[in-house]
Amino acid sequence: MAKTEIDPTFHLKLAKYEEQSAEYKDYRRRWNENPKNFIVDDFPIHIDLETTTSCNLKCFMCFQSFDPPKPLKMEYELFKKIIDEGVKKGVCSIKTQYRGEPLLDRRMPDMVGYAKEKGVMEIMFNTNATLLSEGTAKALIDAGLDKIICSVDGYTKDVYENVRIGARFETVLENIETLQNLKESMGCKKPIVRVQMVDTPTNHHQIDGYIKFWGQIVEQVAVEDMLDWEAEDEDSTPLEDWSCAQLWQRLLVLADGDVLPCCRAMKGGTEKLFILGNAHETSLEELWKGEKLNRLRSLHRKGRSHEIKMCRACGLRKDVLEMKK
């Protein structure tokens, strides 16, 4: 039976900033224990909801610069349908973003507010922060956003703008500082702000300075490895003692309603590698408990993830293989 490695970066000890109710503690327990014990709850603990596929930047390491998806926004009625089902059946957290820049969708504060009012415990999204104006920041605070992950690949103008093509460093810095100042003036601890960068040859030399610079401004700082979005580098090496945690934690719903088993079930920005079904036609509970996903779980549980094409090229699996060399 395989061993499941839990991604330690997904929540980054948000509990440190969260009043730990019994419900919150149970949520965090299940997030960690379900994958290790291969427990499939009646509904995913977390749902990724792609509200828009579009982005306003063309960063060189991102598929938006070489394989951009067709511009599309999730229908608001579908968003509400998913939230309503999820809250009724026990979803604990959502992320309102996948391939696109969520703040291009002006409905974002309303979406956050709807999910929070319905009872979603933890709401977050990734953003490049270029559109995080003072008005938007205040609206997100008022809506109850729990965490915002800002992708900022440097701490100086030259390095940052060589990675984040189309952005201005001064604007992003001002936006993040404004959000933090608003939180202080409004007496709010949330959203917790995490700033992260992708480690590339352009900014690798800045890592130490980056952590020091942004650590004085935000609550969390992280450095992420660069992903192989084209997924060409497959590795068929067996990994009998490893299973991916995501199959026991979460589902991903794309803007068109297609449901994927994990956040790596795509090649680049356009090719869907494994579709479970569509949320317009089928409930997420049915897809979560369905034959397709259970077949994936069975292979992972048995240490046979290398028999699944998309999993052979997955960055999470390749990281484990690299560590074992």
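Student: Which residues is Ile 141 in contact with, leaving aside its neighbours within four places in sequence?
Tutor: Contact means heavy atoms within 4.5 Å. On that basis Ile 141 touches Leu 179, Leu 182, Lys 183, Met 186, Cys 188, Lys 190 and Pro 191, with neighbours within four places in sequence left aside. This is a predicted model, in which local features need pLDDT of at least 70 and side-chain atom pairs count only at pLDDT 80 or more, while totals for chains, interfaces and linings use all residues. Residues are numbered from 1 along each chain as its sequence is written, and side-chain values use heavy atoms, with hydrogens and water left out.

Student: Where does Ile 141 lie?
Tutor: Helices (H or I, at least four residues) and strands (E, at least two) are DSSP runs, numbered from the N terminus. Ile 141 is part of helix H4.

Student: Is Ile 141 buried or exposed?
Tutor: Buried means under 20% relative accessible area, exposed over 50%, and partly exposed in between (1.4 Å probe, protein chains only). Ile 141 has a relative accessible area of 8%, so it is buried.

Student: At what angle do the axes of H4 and H6 cross?
Tutor: Axes are lines fitted to C-alpha atoms, for helices over the stretch in contact, and angles run from 0 to 180 degrees between N-to-C directions. The axes of H4 and helix H6 (residues 169–186) cross at roughly 45° and come within 10 Å. H4 is therefore oblique to H6; angles under 35 degrees count as roughly parallel, over 145 as roughly antiparallel, 65 to 115 as roughly perpendicular and the rest as oblique. On the H4 side the contact is made by Glu 134, Ala 137, Lys 138, Ile 141 and Asp 142, and on the H6 side by Thr 178, Leu 179, Leu 182, Lys 183 and Met 186.

Student: How many residues of each class are in the contact of H4 with H6?
Tutor: Ala, Val, Leu, Ile, Met, Phe, Trp, Tyr, Cys and Pro count as nonpolar, Asp, Glu, Lys and Arg as charged, and the others, Gly among them, as polar. Here there are 5 nonpolar, 1 polar and 4 charged residues.

Student: Which residues of H6 are buried, and what covers them?
Tutor: Phe 169, Val 172, Leu 173, Asn 175, Ile 176, Leu 179, Gln 180, Leu 182 and Lys 183 are buried in H6. Their cover includes H4, S5, helix H5 (157–163), strand S6 (192–199) and helix H7 (207–215). After H6 comes Gly 187, with a positive phi near 70°.

Student: How do the axes of H3 and H4 run?
Tutor: They come within 8 Å and cross at roughly 10°, so H3 is roughly parallel to H4. H3 contributes Met 108, Pro 109, Val 112, Gly 113 and Lys 116 to the contact, and H4 contributes Ala 139, Leu 140 and Ala 143. By class, these are 6 nonpolar, 1 polar and 1 charged.

Student: What covers the buried residues of H3?
Tutor: The cover includes helix H2 (76–89), strand S3 (93–95), strand S4 (122–127) and helix H4 (134–143). The buried residues of helix H3 (residues 108–118) are Met 108, Pro 109, Met 111, Val 112, Gly 113, Tyr 114 and Ala 115. Gly 119 follows H3, and its phi is positive, near 120°.

Student: Why does Ser 151 count as buried?
Tutor: Ser 151 counts as buried because its relative accessibility is 12%. It sits in strand S5 (residues 147–151). Apart from neighbours within four places in sequence, Ser 151 contacts Thr 127, Asn 128, Arg 164 and Gln 196.
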